[in-house]
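User: I am new to this protein and want to learn how to read it. Could you take me through it step by step?

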Amino acid sequence: MDNLTKEQRRKNMQHIKSKDTSIEVKLRKSLWSKGYHYRKNYDKLPGKPDIALTKYKIAVFCDSEFFHGKDWEVLKPRLEKSNNSQYWISKISRNRKRDDEINKRLLFEGWTVIRFWGKDIVKNVDECVKVIEETIWDIELQE
């Protein structure tokens with residue numbers, strides 16, 4: 001994958017943002033422009049959802065494909081052939097497990113969880129907003 005020293009890799013990793021990423025900002029701006037109010041990086045909930053529509057109890061996560069293991073059955077074998085493979089496989093496996101645990105905890109607390117892959121937000125943010133709106137409508141119908 002790469003030939004970085006541990007120090008170079010550490011510096012690269014420090015520059016990866018955990019909040020206010022471009023995908024989060026893009027989705028938030030689209031929601032805001034449609035009049036939706038939300039909390040960002042809501043620390044009162046497990047996993048600190050990137051976007052929490054508290055009125056509807058909807059928690060939205062904007063996940064990057066690599067760090068959250070999109071198509072894990074394809075990515076994992078590729079990582080096994082790379083430098084530092086154990087580190088990445090372990091890290092991404094932990095992320096996937098944590099995502100699953102967070103989903104279960106939020107569902108148990110009565111929240112609806114929506115997860116988007118970063119590329120889906122970039123390619124078609126309107127479709128992502130539509131998914132959120134349809135979820136809101138479903139919740140309103142149940143009330």
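Predicted model: local features only at pLDDT ≥ 70, side-chain atom pairs only at ≥ 80, totals over all residues.

User: Let me start with the layout. How many helices and strands does the protein have?

Analyst: There are six helices and four strands. Read from the N terminus, the order of elements is α-α-β-β-β-α-α-β-α-α.

User: What share of the residues in the protein is buried?

Analyst: Of the 143 residues, 40% are buried. Among contacts with a separation of 6 or more, 57% join residues 24 or more positions apart.

User: Now the helices. How is a packed pair described?

Analyst: Two things describe a pair of packed helices: the angle between their axes and the distance between those axes. Take α3, residues 72–80, and α4, residues 85–108. Their angle is about 155 degrees, and their axes lie 8 Å apart.

User: Which word describes how α3 and α4 are oriented to each other?

Analyst: Roughly antiparallel. An angle over 145 degrees counts as roughly antiparallel, and the angle here is about 155 degrees.

User: Which residues make the contact between α3 and α4?

Analyst: On the α3 side they are W72, L75, K76, L79 and E80. On the α4 side they are S85, W88, I89, I92, S93 and R96. Sorted by class, this contact has six nonpolar, two polar and three charged residues.

User: Let me try another pair. At what angle do α2 and α6 pack?

Analyst: At about 60 degrees, with the axes 10 Å apart. Here α2 covers residues 22–33 and α6 covers residues 125–142. The two helices are therefore oblique to each other.

User: Is the crossing of α2 and α6 left-handed or right-handed?

Analyst: It is a right-handed crossing. In the contact, K26, L27, S30 and L31 of α2 meet V125, C128, V129 and I132 of α6. Those residues divide into six nonpolar, one polar and one charged.

User: Are C62 and C128 buried or exposed?

Analyst: C62 is buried, at 8% relative accessible area. C128 is also buried, at 3%. The cut-off for buried is under 20%.

User: Now the loop residue. Where is H68 found?

Analyst: H68 is in the loop between β3, residues 58–63, and α3. H68 has a relative accessible area of 16%, so it is buried.

User: Which residues does H68 contact, apart from its neighbours within four places in sequence?

Analyst: They are D63, I92, R96, D99 and W117. I92 and R96 also belong to the α4 side of the contact with α3.

User: And W117, in which strand is it?

Analyst: W117 is in β4, residues 112–117. With 24% relative accessibility, W117 counts as partly exposed. Beyond neighbours within four places in sequence, W117 contacts D63, S64, E65, H68, G69 and K70.

User: How far apart are W117 and D63 in sequence and in space?

Analyst: They are 54 residues apart in sequence. From C-alpha to C-alpha, the distance is 5.0 Å. H68 contacts both D63 and W117.

How values were computed. Residues numbered from 1 in each chain as written. Heavy atoms only, no water. Axes fitted to C-alpha atoms, helices over the stretch in contact; angles between N-to-C directions. Parallel < 35°, antiparallel > 145°, perpendicular 65-115°, else oblique. Left-handed = near helix turned anticlockwise from the far one by under 90°. Contact = heavy atoms within 4.5 Å. Nonpolar A, V, L, I, M, F, W, Y, C, P; charged D, E, K, R; others polar. Buried < 20%, exposed > 50% of the residue type's maximum accessible area, 1.4 Å probe, protein only.
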